[in-house]
Amino acid sequence: MKKAYLLLADGTLFEGKACGYEGQSIGEVVFNTGMAGYQEVLTDPSYYGQVVTMTYPLVGNYGINFEDYESHKSWVSGFIMRDICQYPSNWRSRHTLDHYLKSQKVVGLYGIDTRQLTRILRNNGVMNGIIYTEGYEPDEAAKQAMQEYLVKNAVKTVTSTQESICKADGETRYHIALLDFGVKYNIERELQSRGCEVTVLPGDSDPQEILSGNFDGVMLTNGPGDPAENVQIVANLNVLVESGIPIFGICLGHQLMALAIGAKTEKMRFGHRGVNHPVKDIDLDRTYITSQNHGYAVVKDSVDPAVARVRYVNLNDGSVEGIEHINRPVFTVQFHPEVCPGPMDTSFLFDKFLENIDKAKEGAPVCR
């Protein structure tokens, strides 16, 4: 069994065992606290440029199946575990996790103390690192590249440049424009199951073309990277907001919309990545358990109360988890209401989006 290593930007070196693809990869080292959902993590475009550490000690026990992909490939720069299961047991399993990592050329590492690594990232913040297999030791140039590494042009890298159409399940009730910043398949599935024909458009699509496309509403997807990097997309969203078309944004879509209405975003110390984050609905005084994956957040005090209001907050750190526009049928959430394997506490937000579309057609006030 070959050895594998993780070298952090602060000089900390972890030695473990190799799995997946043999090689070397640079990325931003982050951690995910979910007990399940590793296939969704691997195929979520929002993890582009990141070396993901799973804090749950055993990963791979139910294998890889053909149904739970969130995109057509893996986007992570590396994958770290305490232990990897080589003999999965699940009726849907088709491959081992190790086989999938090899097929996707993802360098894997297991057999290290992931608790210690997580503590380092929590105390010092996420940092860059090099994950490599024995025989692929980094030279000084690679170490310098690791120190200078930034996740850049992330949305352009992970999104499609062509339009595609997803038919509704059954009778078509709505036609939705889905702006792809790094879309997960389950967003499409949630809309289709509610009678929506979904047209997936490039994230930087011309807003006038969208408005002339006879769409009932616009959905903004998740995605990777620094939201402030997407200057043109932010300007486009401002045009869509002023048009009055109903809009629902998730994750990066939430952050981009916040920028479009004049708010600011900031990088978090270690972000939110997991399936157990408590979020409070301020209006209903109700708490939901949510799935999240983001390293940036909307600055709470930057949201102009004359334009929008903060509707949802994170109960762990008080960060902004959702906003609602005061005068337009526009709302966004930082968490993932569409997520699989769960929790599904907030999937009703898709229904709220469609209710806003119905009310917009009737000229009635938006759904709060």
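I'll start with the rings: Phe248, Phe331, Phe350 and Phe353 are linked by ring pairs into a cluster. Rings of Phe, Tyr and Trp (its six-membered ring) pair if their centres lie within 6.5 Å; planes under 30 degrees apart count as stacked, over 60 as edge-to-face and the rest as tilted.

A word on the source. This is a predicted model, in which local features need pLDDT of at least 70 and side-chain atom pairs count only at pLDDT 80 or more, while totals for chains, interfaces and linings use all residues. Residues are numbered from 1 along each chain as its sequence is written, and side-chain values use heavy atoms, leaving out hydrogens and water.

Phe331 also has a charge over its ring: the charged end of Lys352 sits 4.4 Å from the ring centre. The criterion is NZ of Lys or CZ of Arg within 6 Å of the ring centre and within 35 degrees of the ring normal. Lys73 lies likewise over the face of Trp75, at 4.6 Å from the ring centre.

Over the whole structure, the search finds nine aromatic pairs. In one of them, Tyr5 and Tyr132 have ring centres 5.2 Å apart and planes at 20°, so the pair is stacked. Tyr5 is in strand β1 (residues 3–8) and Tyr132 in strand β9 (residues 127–133), 127 residues apart. Helices (H or I, at least four residues) and strands (E, at least two) are DSSP runs, numbered from the N terminus. Tyr5 has 13% relative accessibility and counts as buried; Tyr132, at 7%, also counts as buried. Buried means under 20% relative accessible area, exposed over 50%, and partly exposed in between, with a 1.4 Å probe and protein chains only.

Tyr288 and Phe348 have ring centres 5.5 Å apart and planes at 45°, so that pair is tilted. Tyr288 belongs to strand β16 and Phe348 to helix α10 (residues 348–362), 60 residues apart. Tyr288 is buried at 4% relative accessibility, whereas Phe348 is partly exposed at 31%.

Now the sheet. Ten strands form an open sheet with mixed pairing, in the order β10-β12-β11-β13-β14-β19-β18-β17-β15-β16. Two strands pair if DSSP finds at least two bridges between them. β10 (164–166) and β16 (286–298) are at the edges with a single partner strand each, so one side of each has no neighbour in the sheet.

Within the sheet, β14 (residues 247–250) and β19 (residues 330–333) run parallel and are joined by four bridges. Ile250 stands opposite Val333 in β19.
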